[in-house]
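Please find below some notes for a first reading of this structure. They are arranged as numbered points.

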Amino acid sequence: MASLKVYIVRRVLLAIPMIFILLSIVFLIMRVAGDPVSAILGGHAPQEQIEQIKQQLGLNKPIIFQFFGYIGQLLRGNLGRSLIWGQRPVVNEIWDHFPATLELSISAFLISIIIGIFTGTVAATHRNRFLDHTFRLYGIITYGLFIPWIGIMLQLLFGVYLGLLPIGGRIGTLMEPKSITGLYVLDSLLTLNFDSLVSAIKHLILPSVTLGVYLSGIYTRLTRTHLMETLEKDFIKAARARGLSERAVIYKHGLKNAFIPILTMMGLQFALLLVGAVLTEITFSWPGMGTLLFERITYRDFTTVQGIIVFFALIVVTVNLLVDIIYAYIDPRIRY
Amino acid sequence: MEALLRIKNLKVYYYLREGVVKAVDGVNFSMRKGETVGLVGESGSGKSTLGLSILKLVPSPGKIVDGQILFDSKDITKLDNKKMRMIRGKQVSMVFQDPMTSLNPLMRIEDHLTETIKTHQKVTQEEAKEKAALLLGEVGIPPERAKDYPHQFSGGMRQRVGIALAIALNPDLLIADEFTSSLDVIVQFQILNLMKKLKASYNMGMIFISHDISLVSEIADKIALMYAGQIVEFAPADAFFEEHLHPYSEALLNSVPNVQLSDQKLSYIPGMPPDLVNPPKGCRFYPRCPYAKDLCREKEPPLIEVKPDYMVKCFRYDEKRS
Amino acid sequence: MVEIKYSPSKFIVSKLKSICPRKGTEYFALIGFIIILSIILMAIFAPFIAPYNPIKKVGGILEEPNGRFILGTDGLGRDIFSRIIFGARTAISVTFLAVIISLSFGVLLGLLSGYIGGKFDSIFSLVMDAIYSFPGLILAIVLSAMLGPGILNTAIAIAVIYTPTYFRMVRGLVLSLKESLFVEAARAIGAKDRTIVFKYIFPNVISSVPIVLSLNAADAVLTLAALSFLGLGLPAPTPDWGFDLKAGHAYLASKIWWPSTFPGLMIVILTLGFSLLGEGINEILTPELRR
């Protein structure tokens with residue numbers, strides 16, 4: 001497996017320029033696309049206050065110094081301090097909010113992949129028949145759903161009218177489990193705190209179903225096209241000719257091969273998952289990164305916003321890297 | 001000897017929007033145990049469809065419309081999918097045309113074999129592995145390569161794997177669809193020789209589907225020549241090459257270079273194979289036939305037994321006999 | 001004997017694919033087109049369709065849908081139906097502006113980058129790939145926060161995140177066309193670089209744009225709605241579906257459903273229109289994608 005290691009190292013090295021470019025873009029947007037000072041203070045602030053903010057942000061230095069200062073700080077893992085509320089380090093702000101986003105993303109991702117692979121497989125095996133057309137339409141419609149709207153509709157139905165589920169927040173008041181991973185469902189399980197568990201799951205259902213359904217359409221489409229393509233390959237015909245059961249043919253030979261292109265697409269879809277998570281969080285007052293971003297943009301907390309963007313950039317690159325590595329593990333053709 | 005396979009008036013049609021493609025249209029043919037039949041025909045003559053229908057694997061929207069396929073005195077066309085699966089791979093197996101695409105790229109060679117063995121036999125993983133090693137030995141693949149993936153093999157080696165898979169359960173009938181045509185000439189003959197050897201030691205019946213009549217002559221006991229969805233001549237191989245009674249057989253053999261005839265004049269067959277949606281009413285070869293008469297346009301000739309085991313679908317021999 | 005390359009079963013299968021019933025997908029395109037057309041007409045003739053002034057208090061606060069206000073009134077006593085009609089103006093103008101900006105920049109940069117090649121191309125591609133892989137909405141949020149509200153600013157914020165789509169597509173096409181025979185031939189007869197790009201490559205490239213355009217418009221509608229939902233779109237009191245959805249969200253717990261349901265529904269319908277149109281064109285033009 002030496003070649004696999006070589007592959008991973010090469011892939012990691014390739015990610016470095018990508019990170020650098022992304023960081024530069026963030027820097028450019030924050031300094032060039034607009035004036036951070038007037039973004040913070042509004043148009044008509046007194047001169048001395050402007051100077052004070054410039055001093056605080058290091059904006060009085062030449063732009064090239066600013067850039068290297070920013071990169072240098074980042075390399076040391078320093079994202080600066082928040083401009084509001086006790087000026088906490090941005091890293092801490094992010095660390096407080098990230099587990100919520102992670103928990104939502106994981107459960108939504110699982111929901112989307114289960115619905116997507118199931119509906120896509122049914123569609124592909126019922127080609128051009130009623131179920132196929134139905135699930136193709138499902139794919140198109142879910143992709144066009146606007147997350148806040150579908151979220152609000154679910155809130156109305158299950159929260160307001162049926163009263164079954166809470167319409168916002170992450171857990172009931174004062175029910176937080178002892179923090180181990182920061183994921184409430186997992187923490188409640190680990191500490192055997194069943195009241196928290198029930199509350200955490202109840203709060204999680206609507207947001208993750210909203211996000212999961214939205215994303216599932218993509219996986220329906222991907223599974224459908226790639227499985228159809230795979231099922232036409234010769235090795236599928238050959239497997240049938242050897243007397244394998246239809247189940248073995250579709251799942252073991254078909255779906256496993258179709259999964260490779262689906263997996264490569266997952267890296268790209270990850271950006272969509274994050275976007276969806278931001279909107280879902282804001283709709284459900286879910287205290288994650290999206291809510292944090294929205295709140296700090298409203299309060300013009302410029303450093304925190306920049307920190308969040310940098311953090312998102314790093315996650316995107318990392319996840320794409322992981323997807324490529326998993327891909328190499330699954331597909332033997334890549335490794336050699 | 002008893003018949004291993006008997007096909008009676010088989011019709012396989014593809015239902016397309018443009019019309020019904022009569023890919024196999026009234027085929028009659030039978031073969032004995034251990035016999036090798038070379039099924040020869042141009043592209044589009046329905047030979048592959050015929051091969052696939054013996055396994056009931058005709059791709060949708062193709063359907064077996066009429067006729068019987070009697071294998072081991074059971075009518076395959078009446079069997080459900082579950083019963084068919086017990087026949088596929090075990091009693092009738094198939095080697096495919098392109099070894100590059102007929103193996104699952106994500107599965108080790110060994111797993112292909114053990115999976116097939118375990119589908120049909122109640123054996124442990126260990127026993128299946130032993131059997132797999134044995135089979136790989138028989139087709140000439142070194143045992144240490146059992147754990148390799150298909151992409152690490154050359155075309156010829158992969159086709160050896162394909163053969164090992166086909167003989168894994170000692171089938172009575174093996175259908176080989178153009179199984180050497182994607183290989184280069186030297187490998188082609190190696191594989192063909194391997195097949196001859198295995199056929200003898202396993203006492204398998206074989207249907208060798210090919211467009212290449214000179215290749216078929218290397219291995220076949222009998223030749224079945226297909227034209228436009230029908231068998232036009234069915235004869236023992238030696239007799240076929242000597243007599244080739246049907247006008248199409250004659251034209252076909254004249255278009256193949258023969259090393260023994262040094263000053264042979266190569267010819268080609270004028271015209272195009274017929275449209276299988278609207279085939280000619282009478283004899284299907286009629287539009288291209290140099291001996292065509294009015295009768296040929298009006299009526300479809302029957303399959304005439306000109307002598308024992310020798311059948312021709314042509315009116316010329318009807319006249320001779322009467 | 002005739003050289004035989006394909007097996008008949010494969011031939012038949014491929015034949016089959018090309019003539020499969022395409023009715024369903026043609027309906028997709030048609031329905032999509034009708035939806036978009038009606039919303040465009042709604043935007044153009046808004047003053048004639050809308051019964052009330054969309055930014056004036058014309059009735060009681062939060063009136064339920066009734067005979068006078070068919071979709072009810074919002075928290076400021078404005079007619080929701082009229083706001084939806086006028087909201088089409090915002091949605092259509094920002095979407096079209098964003099698509100046009102990203103299309104022009106993407107195609108232009110893609111042509112240049114692909115044609116010039118070398119370092120210029122590698123840097124541009126890397127930048128575009130970086131933007132492409134980044135979560136689009138988050139970039140748009142920050143951009144529009146920095147640029148400030150307004151139709152043009154919002155359109156620019158949206159356009160930036162869709163430019164790489166066109167760039168990548170056009171650049172890929174240019175790279176493959178560059179080596180093709182007719183461009184070689186043009187170069188051989190001494191055509192200038194500029195002539196080659198605009199006379200020979202550009203027309204070839206532009207023909208594949210409509211599908212992406214339509215699917216991108218669907219995304220742009222959603223992004224605009226998201227920005228407005230976050231209060232980063234157009235300044236109040238401009239009728240804007242996303243903004244109205246957010247405003248209506250506040251009354252949800254009191255079982256007041258109409259101020260949020262209807263504006264959101266419009267967002268979904270318009271997006272669906274563009275998706276259906278894109279899907280439809282896509283499959284009519286490239287039948288093999290049906291598989």
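1. In chain B, V12(B) lies across from I64(B) of β4(B). The two strands involved, β1 (residues 3–16) and β4 (residues 62–71) of chain B, pair in the antiparallel sense over eight bridges. Strands count as paired if DSSP finds at least two bridges between them. Helices (H or I, at least four residues) and strands (E, at least two) are DSSP runs, numbered from the N terminus.

2. The model is predicted: local features need pLDDT of at least 70, side-chain atom pairs count only at pLDDT 80 or more, and totals for chains, interfaces and linings use all residues. Residues are numbered from 1 along each chain as its sequence is written, while chains are lettered from A and ligands numbered from 1 in the order in which they are written.

3. An open sheet of four strands in chain B has the order β2-β1-β4-β5, with antiparallel pairing. At its edges stand β2 (19–32) and β5 (74–75) of chain B, each with a single partner strand, so one side of each has no neighbour in the sheet. Helix α1 (residues 47–54) of chain B packs on this sheet and touches β1, β2 and β4 of chain B. Contact here means C-beta atoms, placed from the backbone, within 7 Å. The direction of α1(B) makes about 65° with that of β2(B); axes are lines fitted to C-alpha atoms, for helices over the stretch in contact, and angles run from 0 to 180 degrees between N-to-C directions.

4. Strand β10 (residues 230–236) of chain B has six of its seven residues buried, so it is largely enclosed by the rest of the structure. Buried means that 20 or more other C-beta atoms lie within 10 Å of the residue's own, C-beta atoms being placed from the backbone. β10(B) pairs with β9 (residues 222–227) of chain B in the antiparallel sense over six bridges, and E233(B) is the bridge partner of L225(B). Two residues separate the strands of this hairpin, where A228(B) takes a positive phi near 50°. β10(B) is also joined by two bridges to β12 (residues 310–312) of chain B, running antiparallel; there E233(B) stands opposite V312(B).

5. The contact between chains A and B takes 17 residues from chain A and 23 residues from chain B. On the chain A side, the elements giving two or more residues are α10 (234–241), α11 (246–283) and α14 (332–335) of chain A. The largest share, six residues, comes from α10(A).

How values were computed: Contact = placed C-beta atoms within 7 Å. Buried ≥ 20, exposed ≤ 12 C-beta atoms within 10 Å, placed from the backbone.
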